Amino acid sequence: MQEKSLSEINERIRDGSARVVTAEEMPDIVDELGPAGAVREVDVVTTGTFGAMCSSGVFLNLGHSDPPIKISRALLNRVEAYGGVAAVDLFLGATQPSEDRGIEYGGAHVMEDLISGKQIEVEAFGAGTDCYPQMELETSLRLEDFNQAIMVNPRNAYQRYNAATNSSDRTVHTYMGTLLPRLGNIHYSGAGILSPISNDPNFDYIGVGTRIFLAGAQGFVMGGGTQHNPENNFSTLMVTGDMKKMSSRFLRAATFHKYGPSLYLGIGIPIPVLNERLAKSTAVRDRDISVPVVDYGIPRRDRPSLKMVSYEDLKSGIIDLNGKEVSTSSLSSFLMAREVAGALKAQIEQGEFLLSAAVEPLPRLGSSRPMKQTKESPNVVDVMSRDVVSVGEDIEVEEAAKLIVSGQFDHLPVVSRDGKLMGIITAWDISKAVAGGKPSRIGEIMTKRVYSVRSDEPIELAARTFDTHSISAMPVVDREGKVIGMITSNCALSGRGLGHSGDGGAGQYREGQHRCRERGDRPGGAC
């Protein structure tokens, strides 16, 4: 087997004779020369990715004030940073939202502002001790004013990532972007052929202590990242680097619409072609990397997979799902991933970036288990009222008014002949129709765009729908869209707190079920 050593490659980097190619170029070289020939011809393959990496943050040391303060809480441009480390050490998370601007500005934006040379406003609140008497202070700082700004990211550079779509009848806003209803689009993430871990999936080179390109600086792999799951080809990396040496070209803040802030990072890892096994690994193509298309319209931990597709399929722009052509788009920037791989290649060719041997291999076994939940979370079926009256679109307004007066709800679902939800009518709709002497049939005044919830969905989803759309009641439907109950905002909000552990909680849970089901709960009443 053709082989070479890491020290040989580093010596070639020092004297400028190293042959460096990007991961996009390597497959054709292996096809032409074979793995052994590629080992002789190529020394280093550079990889790159540029995408949203929410699990990122930075440790900041402010230095001691006079009089000294032990910071228990701090705001950086009104974004809270964790102060429970030491007196003047803070940890700023990328996804932490602003206290005054909400999700439109967050920890990631503070990081980008600092790297861009901007001044940030710091508010610190002290614990008050004999040696740290100061209780509050305000100051303005730039990146150079911090003693240290060390980025430590628990989970970056996913090997691959699920593609996302949405089969529900509502638009959903997620960390995979805005997903349109009824399989309206597919979003995906990751660089595919350029992905660092996809070019070394067995960790023959990447390990603890591996030197990497991190947002323009030289950083290091600390170990396997959180939710590291190499058995299923979903490996991750925990990485670190000096934020003072980073570039805003490769670190950008973003906000996902109606979801929250995130941090886009450029990460590149050089893979030395030490042997034929690594030559084969770095010859991976987009068609070799497959991911599931997952239905994010199902608001549960275990979402169904609709289809397996390759990055080649995803990058084509169209995927066939159940006979429907669905457009695809990337949340990552392949253009920037190329730039990362190219910048890393240039640094190696100029002798500015040497490769480092791992001090310890990354684990081949990981852990990505679901959370152990000791408190039961109720579903809609647990608090909904089954005592619901539905009407057809052809009934008279007067008849609908009588049903509302005699019933438990101020809402009447309007259904088709087979019981499927078509619309909804409220007491207010009827009052307007009667006062205006307008149409006499319900179908002419009903609201056709109806928010509904399924009986097997969690209470949290119903409560969020009520909050988001400022409505007071929703029909509950089964998987076929047939109306089987009603739920009100009061019952949903009450149900949020009815999870239980032990007999005492269970009693409260059952009592809440009984009250919501039996009373029906008119809007504005107590559940």
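1. Two strands are said to pair if DSSP finds at least two bridges between them. Helices (H or I, at least four residues) and strands (E, at least two) are DSSP runs, numbered from the N terminus. The model is a predicted one, in which local features need pLDDT of at least 70 and side-chain atom pairs count only at pLDDT 80 or more, while totals for chains, interfaces and linings use all residues. Residues are numbered from 1 along each chain as its sequence is written, and side-chain values use heavy atoms, with hydrogens and water left out.

2. Overall composition. The protein chain holds 11 helices and 33 strands, and its C-alpha trace spans about 90 × 70 × 50 Å along the principal axes. Of its 527 residues, 50% count as buried, where buried means under 20% relative accessible area, exposed over 50%, and partly exposed in between (1.4 Å probe, protein chains only). With contact defined as heavy atoms within 4.5 Å, 68% of the contacts between residues at least 6 apart in sequence join residues at least 24 apart.

3. Surface and charge. The accessible surface of the protein chain comes to about 23900 Å², and 46% of this belongs to carbon and sulfur atoms; the areas come from the Shrake-Rupley method with a 1.4 Å probe, and for residues only the protein chains shown count as cover. The chain carries 56 positive and 66 negative charges, whose mean positions are 3 Å apart. Here Lys and Arg count as positive and Asp and Glu as negative, without His and the chain ends, and each charge is placed at NZ of Lys, CZ of Arg, CG of Asp or CD of Glu.

4. Strand E18 and its partners. Which strands pair with E18 in the antiparallel sense? E18 (residues 211-214) is joined to E19 (residues 217-224) by 4 bridges in an antiparallel arrangement, and Ile 212 stands opposite Gly 219 of E19. The two strands form a hairpin with 2 residues between them, and Ala 215 in the turn has a positive phi of about 55°. E18 also pairs with E22 (residues 260-268), again in the antiparallel sense, over 2 bridges; in that pairing Leu 214 faces Ile 267. As for the side chains of E18, Arg 211 and Phe 213 point one way and Ile 212 and Leu 214 the other, and all are buried.

5. The sheet E31-E32-E33. These 3 strands form an open sheet in that order, with mixed pairing. E31 and E33 (483-488) stand at the edges with a single partner strand each, so one side of each is left without a neighbour in the sheet. E31 pairs with E32 (residues 473-477) in the parallel sense over 2 bridges, and Val 453 has Val 476 of E32 as its bridge partner.

6. Asp 456. This residue lies in the loop between strand E31 (453-454) and helix H9 (459-469). Asp 456 is partly exposed, at a relative accessible area of 28%. Beyond neighbours within four places in sequence, Asp 456 contacts Arg 300, Asn 379 and Arg 479. Its side chain makes a polar contact of 3.0 Å with the side chain of Arg 479. A polar contact is a pair of N or O atoms within 3.5 Å; within protein, one must be able to donate a hydrogen and the other to accept it, and residues adjacent in sequence count only if both atoms are side-chain atoms. The C-alpha atoms of Asp 456 and Pro 378 are 9.4 Å apart, although 78 residues separate the two along the chain.

7. Asp 286. Not counting residues up to four places away in sequence, Asp 286 touches several residues, among them Ala 191, Ile 193, Tyr 311, Glu 312 and Lys 315.

8. Backbone geometry worth checking. A cis peptide bond, with omega about -5°, joins Asp 66 and Pro 67; Pro 67 is in the loop between strands E4 (57-61) and E5 (71-76). Asn 77 has a positive phi near 50° and sits in the loop between E5 and strand E6 (79-86), where Asn 77 is buried at 14% relative accessibility. Asn 322, also not a glycine, has a positive phi of about 55°. Asn 322 lies in the loop between strands E26 (318-321) and E27 (324-330) and is exposed, at 68% relative accessibility.
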